[in-house]
Amino acid sequence: MIVPENHPSGADLPLDLNSVRQRLVAQRLGSEFHYFAEIGSTNTYARRLAEHGARDGELVIADSQTEGRGRLGRHWVSPPNANLYLSFVLRPRLPPARAPQITLMAAVALAETLKFFLPVPPSIKWPNDIIVNGKKLAGILTEVSCGSESVEFVILGIGVNVNYPVDLMPEEIRQRATSVLVERQNKVSREDLLQRLIQDLDRCYGEIEENGFAPMAPRWEAYFGWRGQRVRIELLNQDVFGIAKGIDHDGALLLEDEHGKLQRVIAGDVTPVSQ
Ligand code: BT5
């Protein structure tokens with residue numbers, strides 16, 4: 001690979017996507033790569049591609065983002081050449097009500113990939129975070145466009161902190177974020193992680209389309225870090241408290257309220273609280 005002249009020696013190199021493509025064994029995901037050294041947001045770009053007819057599985061990937069997005073207008077810190085920022089255009093054969101299962105499926109795939117690279121298994125924080133040793137290592141941003149009866153497309157965006165040292169993290173996330181490098185104390189190949197992630201997502205995507213989420217639910221549950229714990233759910237206008245019991249077949253979080261009744265929560269942020 002040709003290294004740009006202005007590249008400081010010792011710094012991380014740009015992604016070598018040829019090596020990923022050559023080794024990739026996937027049915028649908030990664031059918032086409034759209035690579036950017038820098039982009040605003042891979043999700044925004046992927047949405048534009050989808051609106052112009054991009055096919056199922058096309059992948060937008062960048063070495064840095066200037067306007068990386070989280071949920072609810074939050075910011076995703078996306079420095080150059082250290083991490084992974086990617087978005088797939090998906091055209092799943094799912095009814096709109098089952099679209100949230102894409103996020104759950106992606107969390108399972110991401111946890112299965114990361115388990116291979118980490119000394120301790122990651123946990124899933126419902127619905128979209130991957131947590132290691134209590135800190136956030138990866139996040140998922142799923143954006144759905146629906147017709148009246150079917151899902152038109154889903155943009156599945158994933159940010160993974162890979163070779164990201166704590167001292168380069170901005171103050172806003174330093175106490176709460178981690179990376180593969182931080183957890184294993186040495187660097188990993190972003191190409192190896194990316195290849196495995198695409199393959200795991202491809203497999204899990206096929207599984208939920210074929211059989212629904214139910215057969216995958218036990219795997220999700222096995223990674224769920226807050227079962228049996230008292231949690232706070234931050235909804236848009238209020239906070240709700242209860243005991244996290246797991247998820248139902250649609251991927252809603254099951255919360256036991258103070259009267260012992262099970263409530264279904266379909267969106268929100270979960271934080272464990274002391275009993
Ligand atoms: C997420 O949102 O966790 C979804 C993140 C998705 C990012 C990917 S990158 C590729 C694709 N293109 C995009 O534009 N986005 C996707 P949320 O649950 O709302 O979490 C956002 C919060 O995570 C922020 O408010 C920070 O507190 C924290 N955060 C921001 N950057 C982080 C990072 N690099 N590592 C860990 N935590 C971070």
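## The ligand and its surroundings

By class, the shell around the ligand is made up of 13 polar, nine nonpolar and six charged residues. Please keep in mind that this is a predicted model. Among the 28 residues around the ligand, those that come nearest are Ser-41, Arg-69, Arg-74, Lys-136 and Asn-161.

How much of the ligand does the protein bury? Taken alone, the ligand exposes 790 Å², and the protein buries 94% of that. The space that the ligand takes is the largest pocket.

Now to the secondary structure around this site. Two or more residues of the shell come from each of these elements: helix 2 (42–51), strand 3 (84–90), strand 6 (135–146) and strand 7 (151–160). Which of the elements gives the most to the shell around the ligand? That is strand 6, with four residues.

Finally, a look at one residue of helix 6. Glu-209 has its place in this helix, which spans residues 190–211. Is Glu-209 buried or exposed? Glu-209 counts as buried because its relative accessibility is 14%, and the cut-off for buried is under 20%. The side chain of Glu-209 also makes a polar contact with the side chain of Arg-28, at 2.9 Å.

Technical notes. Residues numbered from 1 in each chain as written. Predicted model: local features only at pLDDT ≥ 70, side-chain atom pairs only at ≥ 80, totals over all residues. Heavy atoms only, no water. Near = heavy atom within 4 Å. Areas by Shrake-Rupley, 256 points an atom, 1.4 Å probe, with all protein chains shown as cover. 1 Å grid on protein atoms, 1.4 Å probe; cavity = no way out; pocket = protein on both sides within 12 Å on 5 of 7 lines; lining within 4 Å. Sits in = over half its atoms within 2 Å of the grid points. Nonpolar A, V, L, I, M, F, W, Y, C, P; charged D, E, K, R; others polar. Buried < 20%, exposed > 50% of the residue type's maximum accessible area, 1.4 Å probe, protein only. Polar contact = N/O pair within 3.5 Å; in protein donor to acceptor, adjacent residues only side chain to side chain.
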